[in-house]
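I am opening a new model and jotting down what I look up as I go.

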Amino acid sequence: MGGGEIPKIPDWRSYTVGEHTPELLKTQRMLKSLGLNDPWLRNEVWRYDTRNPSIGPNKWYRIKSFMGYQGFKYGVAIAVLTAGLHHYVNSHADHGEHH
């Protein structure tokens with residue numbers, strides 16, 4: 001079932017903390033200043049690797065993708081439209097006696 005090729009799994013030694021992972025370098029320096037070492041830090045390289053085009057060095061891109069930016073703008077537009085329609089409909093309703 002499914003067929004196709006099994007995806008190629010990269011060698012674990014390709015995940016190293018370096019200039020391509022500035023956030024992890026900062027974490028590594030901070031830990032070192034406290035006399036600590038995290039041998040598993042390389043397991044997070046795939047998340048912070050700026051060579052990966054889906055992550056990239058641009059923080060704005062990550063913020064937009066985190067917020068679901070493409071759907072976010074449509075959601076805001078629909079919310080504004082709904083609130084305006086609600087206000088319009090209720091402004092013409094009979095509010096009873098007002099003094």
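**Overall layout.** I began with the order of elements: from the N terminus on, they run α-α-α-α. That makes four helices and zero strands in the chain. I am reminding myself that this is a predicted model, so every value below is computed from predicted coordinates.

**Burial and surface.** Next I looked up how much of the chain is covered. Of its 99 residues, 11% count as buried. The accessible surface comes to about 9000 Å², and carbon and sulfur atoms hold 62% of that area. I also checked contacts with a separation of 6 or more: residues 24 or more positions apart account for 49% of them.

**Helix 1, length.** Does the span of helix 1 agree with its number of residues, or disagree? Helix 1 covers residues 22-33, and at 1.5 Å a residue its 12 residues should span 16 Å. I find the end C-alpha atoms 17 Å apart, which agrees.

**Helix 1, faces.** Which residues of helix 1 are buried? They are Leu24, Leu25 and Leu31. Looking down the helix axis, I see these buried residues fall within an arc of 125°, so they line one face of helix 1. A reminder to myself: an α-helix has 3.6 residues a turn, so residues three or four places apart point the same way. On the other side of helix 1, I noted Lys26, Arg29 and Ser33 as exposed. What do the buried residues of helix 1 pack against? Their partner is helix 2, residues 45-48.

**After helix 1.** I followed the chain onward and came to glycine 35, which follows helix 1 and has a positive phi, near 80°.

**A nonpolar patch.** I then looked for nonpolar side chains on the surface. Met30, Leu34 and Leu36 form a patch there, with about 330 Å² of accessible area together. Of these, I looked up methionine 30, which lies in helix 1.

**Salt bridges.** How many salt bridges does a search of the whole structure find? It finds three, and I went through them in turn.

- Aspartate 11 and arginine 13 meet through their side chains at 2.8 Å, N to O. Aspartate 11 is partly exposed at 37% relative accessibility, while arginine 13 is exposed at 55%.
- Glutamate 44 pairs with arginine 47 in a salt bridge, with the closest N and O atoms 2.6 Å apart. I have glutamate 44 as partly exposed at 28%, and arginine 47 as partly exposed at 44%.
- Arginine 51 bridges to aspartate 49, the closest N and O atoms being 3.0 Å apart. Here arginine 51 is exposed at 53%, whereas aspartate 49 is buried at 13%.

Glycine 18 sits in the segment before helix 1. Is glycine 18 buried or exposed? Its relative accessibility is 14%, and buried means under 20%, so glycine 18 counts as buried. Glycine 18 and aspartate 49 are 31 residues apart along the chain, and I get 9.1 Å between their C-alpha atoms.

Note on methods:
Residues are numbered from 1 along each chain as its sequence is written. This is a predicted model: local features need pLDDT of at least 70, side-chain atom pairs count only at pLDDT 80 or more; totals for chains, interfaces and linings use all residues. Side-chain values use heavy atoms; hydrogens and water are left out. Helices (H or I, at least four residues) and strands (E, at least two) are DSSP runs, numbered from the N terminus. The expected span of a helix is 1.5 Å times one less than its number of residues. Buried means under 20% relative accessible area, exposed over 50%, partly exposed in between (1.4 Å probe, protein chains only). The arc is that of the directions from the helix axis to the C-beta atoms. Contact means heavy atoms within 4.5 Å. Accessible areas come from the Shrake-Rupley method with a 1.4 Å probe; for residues, only the protein chains shown count as cover. Patches are made of residues with over 30% relative accessible area and no salt bridge: like charges are joined within 9 Å, nonpolar side chains (Val, Leu, Ile, Met, Phe, Trp, Tyr) within 5 Å. A salt bridge is a side-chain nitrogen of Lys or Arg within 4 Å of a carboxyl oxygen of Asp or Glu.
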